[in-house]
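This report covers a protein model, going from its sheet to its cores and then to its domains. The sequence and structure come first.

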Amino acid sequence: MALVRSHNKIKEDHHLIEIEGRKIPLIVRHHPRARRMILRLDMVGEGAVITIPANSSSSAALDFVHRKSSWLCQLLNEIGERVAFGDGVQIPFQGVQHLVRHRDDAYGGVWIEDGEINVAGDIEHLSRRLGDWLKKQARIRIKSLVHQKVKKINKTLSRITIRDTRTRWGSCSSKGSLSFSWRLIMAPPEILDYVVAHEVAHLVHMNHSPSFWNTVERLTENAKSGRAWLNDNGSILHRIG
Ligand SMILES: [Zn+2]
């Protein structure tokens, strides 16, 4: 995740493979520090990414994927269909499932009550209103976390952008602007905390060196669990809305 700078050094090639009659986009990432091949779903849950060590070839990677094809298909099936925002669907908010309820009887935009997310107004605006509300909640929470964490490293609050990024959860530019996926507001709070710590730590270290990870660990208790959670569950967040 968020490998802004090291991304530049990692070569990627893109393939479209066919498994069980289904076309699946596959990215092969040639990672200089990878010690073995690691196959997982891509961030949006529609394809796969395989990370391979420098001394492995793309064709060896494709062989590996074909040997694991039934497992991969199972993962893609488990992740299931996209969940569009609508009345009666369940969506996670800060890691907890909430029922979305259209409230044409009420005014007041979007609000949480008794574990349900209520959306007032015309039904045709529900999806946009809910999306806007989630982005706003993401911005509020992220801004406050960035604020707390930059203080710990004696930096000032930098520019924050909230986006719908498809390949990374956050990034930090060379000028120090931070950018985050709004979808993190659906993840458990400690996961968002880790991603913010990760990007804020890039304000000190523009790499993923051991000193960088020391800084991350100074800023969050969730470094290990955050990375693991995003690898295992991150693509689900891209299936919603
Ligand atoms: Zn990073």
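Two strands pair if DSSP finds at least two bridges between them. Helices (H or I, at least four residues) and strands (E, at least two) are DSSP runs, numbered from the N terminus. The model is predicted: local features need pLDDT of at least 70, side-chain atom pairs count only at pLDDT 80 or more, and totals for chains, interfaces and linings use all residues. Residue numbers start from 1 along each chain as its sequence is written.

**Sheet**

β7 and β8 run antiparallel and are joined by four bridges. Within this pairing, I112 has I117 of β8 as its bridge partner. The two strands belong to an open sheet of four strands, ordered β5-β6-β8-β7, with mixed pairing. β5 (90–93) and β7 (110–113) are at the edges and have a single partner strand each, so one side of each lacks a neighbour in the sheet. From one strand to the next, the twist averages 35°. Axes are lines fitted to C-alpha atoms, for helices over the stretch in contact, and angles run from 0 to 180 degrees between N-to-C directions. α4 lies across β6 (96–103), β7 and β8, and runs at about 125° to β8.

**Cores**

A nonpolar core is a set of buried Ala, Val, Leu, Ile, Met, Phe, Trp, Tyr and Cys residues joined through C-beta atoms within 7 Å. A residue is buried if 20 or more other C-beta atoms lie within 10 Å of its own, exposed if 12 or fewer, and partly exposed in between, with C-beta atoms placed from the backbone. The largest nonpolar core has 33 residues, and L184, L192, V195 and V196 have the most contacts inside it.

The most comes from α5, with eight residues. Apart from this core lies another, of 10 residues, including I24, V28, A61 and V65.

Two residues are in contact if their C-beta atoms, placed from the backbone, lie within 7 Å. Leaving aside residues up to four places away in sequence, L192 touches R141, L145, L184, I185 and A187.

**Domains**

Domain bounds come from an automatic or database domain assignment. The protein is divided into domain 1 (4–79) and domain 2 (90–237). Their C-alpha centres lie 26 Å apart. In the contact between them, 10 residues of domain 1 meet 11 residues of domain 2. On the domain 1 side, α1 (4–7) and β3 (38–41) each supply at least two residues, and α1 gives the most, with three residues.
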